[in-house]
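Dear colleague,

Please find below the structure that I am handing over to you. A summary of the findings follows it.

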Amino acid sequence: MALTNESNEERPMRALFIDRIWPTLKVVISTIGSIAVTMLGLLFITFIIGRVMPIDPVLAIVGERASQAQYDEVYQQLGLDRPVIVQFLFYIWDVLHLDFGISVLNARPVSEDIARVFPATLELATIGIIIGIVTGVPLGVLAAVNKGTWIDQIARLVALIGYSMPIFWLGLIGLLVFYGILGWVGGPGRVGIFYVDVVPSVTGLILVDALLDGNWDVFKSAFSHIVLPASLLGYYSLAYISRMTRSFMLEQLSAEYVTTARVKGMSEWNVVWKHAFKNIRVQLITVIALSYAGLLEGSVLTEIIFSWPGIGSYITTALLSADMNAVLGGTVVVGLIFILLNVLSDMLYKIFDPRAK
Amino acid sequence: METLLDVENLWVKFPSRQGVFDAVRGVSFTLGRERLGIVGESGSGKSMTGRAILRLIRKPGIVEADHIKLDGVDLLTKTEKEMRAVRGQRISMVMQDPKFSLNPVMTIGSQIIEAYRLHNSASKADAYRKSLEMLEAVSINDPERVMRAYPHEMSGGMGQRIMIAMMLIPNPEILIADEPTSALDVSVQRQVLDIMDKLVKERGMGLIFISHDLNLVADFCDRVLIMYAGRVVEVCEADKLHDAKHPYTRGLLNSLPRLDQPSKRLEVLQRDPEWSQTPSVSGRI
């Protein structure tokens, strides 16, 4: 319209930029912007927690019997003599360089510890949520389609057990039965004792590292160790996911477009999966993202029972020994995961719901 | 007149803890290549009658009848799988509000193509071409764009024309229109009706037109069944609707405001409990 007086070569380029590239670019910029702002808020909170905690970071390093000179030296090294705002800026600078300080417990950089424990949790949580999705979603749909029948009742019972059984009890009984008596699965730990550190750590995910190395023995051992804890976490996700799927699905099944699909002569299977299910994807993503984020935070009890060196037990141990650098570092990582999962589910909304564009 | 559909003694029952609720009670009628109106107030069982013919009453509802014959074959003896070949291909239905009756997350094109390919083993390209033709037949000007669009991008009138196109694409013999214009603006109601009428006539179809709008039905249909409390209380020629005899029909007509007979107060319908006790009038020819 307004572009008519431009030369012919310029127009398509410019139109392409305005129609296609610019909207995408705008989305990318605003997404990065919102991540940055949320992250800044998170860092502000962790920074404040670090300051108001009644734990003297200098004393934690030098010990109680250090001289005043030693104390002052460390005080200055930590930058505690500077104004608070400058300290905050330094803190942001450090975090941007993945520097969360030194753990007072083992005198190693916190970032190295997190790089070691987080993949363990990631591996466990990912397999757990996959188990939760592939069992929970069909179970919920099945319950909704057969509402009020014995199938619905069984689905309800399965979820109820998942909700109400304490995980430490299920974990211990699981270990007793499947590891102790039947010997079907590996025991506590990520991998059998003979296979520890056999494959080089590339990703930190033992299953992936074993595959990359082509070492099937390690893979089998790691798999047999992860099956039980991941199934337990999966079962807990199943309880929540299946109940939510059922209620989302019931809402859709009473919608008019479902009747339209039946009037067309469509089979019940296709009515459910091709029409109704497509409409619950957006809501399901929220539920799954929340469950997954919960698992990535580290399930402390599961990690302790299965001697799983994950981020949940890491943060808990650090907290109990007043290792604030480790606690805050872990908190920042967990917070970042929540933010990223939120952004990811927002992006998936836009793919699955044409009205969200 | 040739009979397409023959319904005898149709009941729709909903068992509950308080006892059985009868939504439709012994309705009988036949449908030829005509426009048959069913009118009545909310809850009179008119929509249930339409859905019962397609056997789409949801559990725990039960459909009972002496027979529901389509071209002499009783639909009640068919299996669910055989019924699926009837739905869409032989009897189809347009519902009230296109905002709800179209799937919001699927493109309009994929929904129309799906309706066609469920009953015709056509290639995707053929189905696409056929869908474009069908959209043109319901006076949609830019069918290519509409095929790519989603339902929320359409206006109500357009949405209902799309519904009509989608429901007529497998070439059914009978169309049940369940309050097809109630959710539309008055200005587009007539347009949608005209399009539906034209297509139904061209194809020699039978139309069951369910509505609560007496004037619209009197204007648009050939014959009218008046339903009350699950029963047919009166059957008449549509152009003679204003001379109806039954006190319920009379009451409905009197409660309508009229431009040529202004009155200060509209009459309120006085219900007689006896109406819901008297047996259904047969709408058979």
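**Chain A: contacts and overall form**

In chain A, 70% of the contacts between residues at least 6 apart in sequence join residues that are at least 24 apart. Please note that this is a predicted model. Chain A holds 15 helices and zero strands. Its C-alpha trace spans about 85 × 80 × 40 Å along the principal axes. The radius of gyration of chain A is 26 Å, whereas a compact globule of 357 residues would have one near 21 Å. Of the 357 residues in chain A, 35% are buried.

**Domains of chain A**

The domain assignment divides chain A into domain 1 (10-96) and domain 2 (110-356). Between the C-alpha centres of these two domains of chain A the distance is 31 Å. Their contact involves 14 residues from domain 1 of chain A and nine residues from domain 2 of chain A. On the domain 1 side, α1 (10-52) and α2 (57-62) of chain A each contribute at least two residues. The largest share of that side, nine residues, belongs to α1(A). As to residue classes, the side of domain 1 of chain A that touches domain 2 of chain A has ten nonpolar and four polar residues, and no charged residues.

**Domains of chain B**

For chain B, the assignment gives a domain 1 made of two segments, 1-87 + 222-285, and a domain 2 that covers 90-204. The C-alpha centres of domain 1 and domain 2 of chain B are 25 Å apart. Here, eleven residues of domain 1 of chain B are in contact with eight residues of domain 2 of chain B. Helix α1 (residues 46-53) of chain B provides the largest share of the domain 1 side, namely three residues. The residues on this side of domain 1 of chain B comprise seven nonpolar, two polar and two charged.

**Helix α10 of chain B**

Which residues of helix α10 (residues 247-254) of chain B are buried? They are Y248(B), T249(B) and L252(B). These residues lie on the same side of α10(B), because the arc they cover around the axis is only 100°. Among the elements that cover the buried residues of α10(B) are α9 (214-220), β10 (223-228) and β11 (231-237) of chain B.

**The contact between the chains**

The contact between the two chains brings together 18 residues of chain A and 22 residues of chain B. Helix α10 (residues 256-263) of chain A gives the most to the chain A side, with six residues. By class, the side of chain A that touches chain B consists of six nonpolar, six polar and six charged residues.

**The largest nonpolar core**

In soluble globular proteins, nonpolar side chains tend to be buried together. In this model, the largest nonpolar core has 159 residues. Helix α9 (residues 216-253) of chain A supplies the largest share of this core, 18 residues. The residues with the most contacts inside the core are A165(B), L175(B) and I208(B). What does A165(B) touch, leaving aside residues up to four places away in sequence? The residues concerned are I112(B), M134(B), L135(B), A137(B) and V138(B).

Yours sincerely

Terms used. Residues numbered from 1 in each chain as written. Chains lettered and ligands numbered in written order. Domains from an automatic or database assignment. Contact = placed C-beta atoms within 7 Å. Helix = DSSP H or I, 4+ residues; strand = E, 2+ residues; numbered from the N terminus. Nonpolar A, V, L, I, M, F, W, Y, C, P; charged D, E, K, R; others polar. Buried ≥ 20, exposed ≤ 12 C-beta atoms within 10 Å, placed from the backbone. Arc of directions from axis to C-beta. Core = buried A, V, L, I, M, F, W, Y, C linked by C-beta atoms within 7 Å. Rg over C-alpha atoms; globule rule 2.2 N^0.38 Å.
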